[in-house]
Amino acid sequence: MNVSIDGSILSVIQDHARTTYPEECCGALIGVADAGRHRVLDAIALENEAPTGREHAFVISAQQSLACSRLAAKLGLDVVGFYHSHPDHSPVPSQRDRELGWPSYCFVITGIDRDGVAATRAWQLHNDGSHFTELSLDIVPDAP
Amino acid sequence: MSPLVSIPAPLRADDDPARVVTVSAETVGEALATLARQRPRVESYLFDREGNLRAFVNVFVNSDDVRALDGLATRVSDRDEIVIVPTIAGG
């Protein structure tokens, strides 16, 4: 299982994490999912609607999720996953990520520190919700 | 009635990747029950053990959240689209 993503889209995600630091950023990943392979073709930055504690929590509301679903359908694509950041923490799913995530989507997490140094990894929640499996994150070089 | 149901990628069957299907149903609950019979993955994703929608599952009829209507008893017509989307959260 893997996630492929253009370098320019990954840069947008990491820049979003820098912009919202020390709070978490979040967004949706639009693309194609097929037999465990996720091809991300766009990243949609969303508002973190966690009412409090956005340094360590994020919420993507039903209305934002609906808008992303409609946008993806209009493009003939799917919402294949979501991204968020972990300010001052590693890009490894938290207990809260496990409790509140949906299986089958890819979850792209960016760890970001105060110097703006980012590390991004991709994960998928097991069908029974018990644990995440890391996905290979394949970065597609941008066309010259 | 034959409303459309838009199915998010995680709930599609591996051998039936249709994004939108038509089901025969009078209410949202009937439509989702029909979907669950056709796609075994759907039931555990959408419903808890008491048969209620899970907290992070949202069902819209067109642009209206069914929790603001009559829930699973919300009636549907041929022109309606039922859309299932998650609330995603974490930390």
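Two strands are taken as paired if DSSP finds at least two bridges between them. The model under study is predicted.

**Exercise 1.** Determine which strands of chain B pair with S5(B), and in which sense.

*Solution.* 
1. Strand S5 of chain B spans residues 81-86.
2. Strand S1 (residues 4-6) of chain B is joined to S5(B) by three bridges, and the two run parallel. Within this pairing, Leu4(B) stands opposite Glu81(B).
3. Strand S3 (residues 57-61) of chain B is antiparallel to S5(B), with five bridges between them. Here Phe60(B) has Val83(B) as its bridge partner.

**Exercise 2.** State how many of the six residues of S5(B) are buried.

*Solution.* Buried means under 20% relative accessible area. Five of the six residues of S5(B) are buried, and the strand is thus described as mostly covered.

**Exercise 3.** Classify the ring pair formed by Trp102(A) and Tyr45(B), and locate both residues.

*Solution.* 
1. Over all chains, the count is four aromatic pairs.
2. The ring centres of Trp102(A) and Tyr45(B) are 5.7 Å apart and their planes stand at 85°, so the pair is edge-to-face.
3. Trp102(A) belongs to the loop between helix H3 (95-100) and strand S6 (106-112) of chain A, whereas Tyr45(B) belongs to helix H2 (residues 40-46) of chain B; the pair therefore joins two chains.
4. Trp102(A) and Tyr45(B) are both buried.
5. Ring pairs connect Trp102(A) and Tyr45(B) with Phe82(A) and Tyr105(A) in a cluster.

Methods: Residues numbered from 1 in each chain as written. Chains lettered and ligands numbered in written order. Predicted model: local features only at pLDDT ≥ 70, side-chain atom pairs only at ≥ 80, totals over all residues. Heavy atoms only, no water. Buried < 20%, exposed > 50% of the residue type's maximum accessible area, 1.4 Å probe, protein only. Helix = DSSP H or I, 4+ residues; strand = E, 2+ residues; numbered from the N terminus. Phe/Tyr/Trp six-rings, centres within 6.5 Å; stacked < 30°, edge-to-face > 60°.
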